[in-house]
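Open the structure in your viewer and keep the selection tool at hand. This tour goes stop by stop.

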Amino acid sequence: ILFFWVARMMMMGIEMTGKPPFDTIYLHGLVRDEKGRKMSKTIGNVVDPLDVVAEYGADPLRYTLVTGTTPGQDVNLSMDRLSASRNFLNKVWQAGKFVLLCLEECTAEERAAMASAPTMTVEEAAELPLAERWIVGRTHELVAHVTKQLEKLDFGEAGRALYEFLWNDFADWYVEIAKTRTYGHPGTPDAAVARRVLCYCYERFVRMLHPVMPYVTEEMWQALPHDGDSVMVAAWPEAPAEYTDEGAGGDAGAERFAQVQAVVRAVRNARAEYEVAPGKRIPAVVVASNEAVLADLDSERAALAFLAKLEVETLQLVGTADAPSAEELGDCARLVVGDGVEVVLPMSGLVDVAVETERLTRQATKLEKTLAQLDGRLGSDFSKKAPAKVVEATRAEAEEARSSLEQVRARLEELAAM
């Protein structure tokens, strides 16, 4: 029926005025309940938007509806997705509070410069430290991608790209790195650069998010250094030609930060595997065969130690020729990161031998008791009277317990040799 209504309006407008009344017509799908059913008072599955706004807020509802579908598809309105959208709004707010906290150290001249900051060129970004160059590059990629999606009227993809940037790039990585630049070093050049980049990236993110989450973005934009009366009428962000031209490739130098991320992820995975206490800092040796990669890692030494919970005083970043020998390192875990980069973690730093031995001894005792019960059951009349499937399941459980016990005993032997 919407198609015919629009067609009637088009024909009537052309007939009466000589020109079409619209140049773009966007028809979205139906909003259904979380099970995909059409809302009906008879079924009792009608979702009152006023109730949703009262519980979750207007911005999360708007974001959920915009990002919940692809063109031509209906929207299934789920309360779980509304909760996720509200969590995203909280993340936007908390990230903004951190930026504003950092900007408290700015002078009036610095704030004025931030308010009127033009788009950085690739050459200007190349003068920044590696982490700042990376996040500026990711911001420019976001501007180019979101602009392209909005021009295609793919609002859902634009909203999802904004979500991924804030959560995975800005908050998880750069905000944490900025803490190493600003906390305890308010008057240093590194802190000044971090504050400028925080404002540059977050303010542009807020402008792009505004059509989807108008209320929180207006509130945050007014608190940031800005030029104009409202984010509603602020100019849309622009990206350098290297990000918007087909096949240009953006700032290739910014991708060097991926090596820092790879090292951090490798250490975090090792910490989880060896169950290292979250707050414990451990020693590490990072070996890189490429001098440029080694220089990049060394430039982000403080951030690397902070993100991976490493002992910054003992952290060694060396080339292959200067790497410690196996005898010097002793028992250690070797993590191959890729591209000629290896992380060596001494086991003495990863594991508290006494605590780990006690834990594994308790685990071994428990497994021995479980295995004795299962073997006793299989050795009795149970294997003859019970159904075949139950017997097979019990036998498989016993084999799994036996395998686990062997692994625990082997690990205890390794610890005893340390």
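Select Arg334 to begin. Arg334 is partly exposed, with a relative accessible area of 42%. This is a predicted model, so every value on the tour is computed from it.

**Stop 1: the partner of Arg334**

The side chains of Arg334 and Glu342 form a salt bridge, with N and O 3.5 Å apart. Glu342 is partly exposed too, at 22% relative accessibility. A search of the whole structure turns up 19 salt bridges. The next two stops show others.

**Stop 2: Arg181 and Glu132**

Select Arg181 and Glu132. Their closest N and O atoms are 2.8 Å apart, in a salt bridge. Arg181 sits in helix α8 (residues 155-182) and Glu132 in helix α7 (residues 130-151), so the pair ties together parts that are 49 residues apart in sequence. Are these two residues buried or exposed? Both Arg181 and Glu132 are buried.

Glu132, Arg181 and Glu300 are linked in a network of salt bridges.

**Stop 3: Asp169 and Arg138**

Stay with helices α7 and α8. Select Asp169 and Arg138. Their side chains meet in a salt bridge, 2.6 Å from N to O. Asp169 belongs to helix α8 and Arg138 to helix α7, so this pair ties together parts that are 31 residues apart in sequence. Asp169 is buried, at 9% relative accessibility. That value falls under the 20% cut-off for buried. Arg138 is partly exposed, with a relative accessible area of 23%.

**Stop 4: Phe170 and Phe155**

Select Phe170, in helix α8. Phe170 counts as buried, at 1% relative accessibility. Now draw a distance from its C-alpha to that of Phe155. How far apart are Phe170 and Phe155 in space? The two C-alpha atoms are 21 Å apart, and the residues are 15 apart in sequence.

**Stop 5: two loops**

Move to Leu153. Leu153 lies in the loop between α7 and α8. Check its backbone: phi is near 65°, a positive value in a residue other than glycine. Leu153 is partly exposed, with a relative accessible area of 29%.

Next, select Lys309. Lys309 is in the loop between α14 (301-308) and β4 (316-319). Its phi is near 55°, again a positive value in a residue other than glycine. Lys309 counts as partly exposed, at 28% relative accessibility.

**Stop 6: the largest pocket**

Select Ser116, Ala117, Pro118, Arg204 and Arg207. Of the 24 residues that line the largest pocket, these lie nearest its centre. Which elements give two or more residues to the lining? They are α5 (108-115) and α9 (189-209). The largest share of the lining, 6 residues, comes from α9. The volume of the largest pocket is about 430 Å³.

**Stop 7: helix α9**

How many of its 21 residues are buried? The count is 17, so α9 is largely enclosed by the rest of the structure. Now check the length of α9. At 1.5 Å a residue its 21 residues should span 30 Å, and the end C-alpha atoms are 30 Å apart, which agrees.

**Stop 8: helix α19**

Select residues 388-417. This is helix α19, with 30 residues. From first C-alpha to last, α19 reaches 44 Å, close to the 44 Å expected at 1.5 Å a residue. Which residues of α19 are buried? Colour Val391, Thr394, Ala398, Ala401, Leu405, Val408, Arg411 and Leu415 to see them.

**Stop 9: a nonpolar patch**

Select Ile1, Leu2, Phe22, Ile25 and Leu27. Together they make a nonpolar surface patch of about 510 Å². Look at Ile1 on its own. Ile1 lies in the segment before α1 (2-17). Ile1 is exposed, with a relative accessible area of 88%. That value is over the 50% cut-off for exposed.

The tour ends here.

Note on methods: Residues numbered from 1 in each chain as written. Predicted model: local features only at pLDDT ≥ 70, side-chain atom pairs only at ≥ 80, totals over all residues. Heavy atoms only, no water. Patch = residues over 30% accessible without salt bridge, like charges linked within 9 Å, V, L, I, M, F, W, Y side chains within 5 Å. Areas by Shrake-Rupley, 256 points an atom, 1.4 Å probe, with all protein chains shown as cover. Salt bridge = Lys/Arg side-chain N within 4 Å of Asp/Glu carboxyl O. Helix = DSSP H or I, 4+ residues; strand = E, 2+ residues; numbered from the N terminus. Buried < 20%, exposed > 50% of the residue type's maximum accessible area, 1.4 Å probe, protein only. Expected span 1.5 Å × (residues − 1). 1 Å grid on protein atoms, 1.4 Å probe; cavity = no way out; pocket = protein on both sides within 12 Å on 5 of 7 lines; lining within 4 Å. Points joined across faces, edges and corners; volume = space filled by probe spheres on them.
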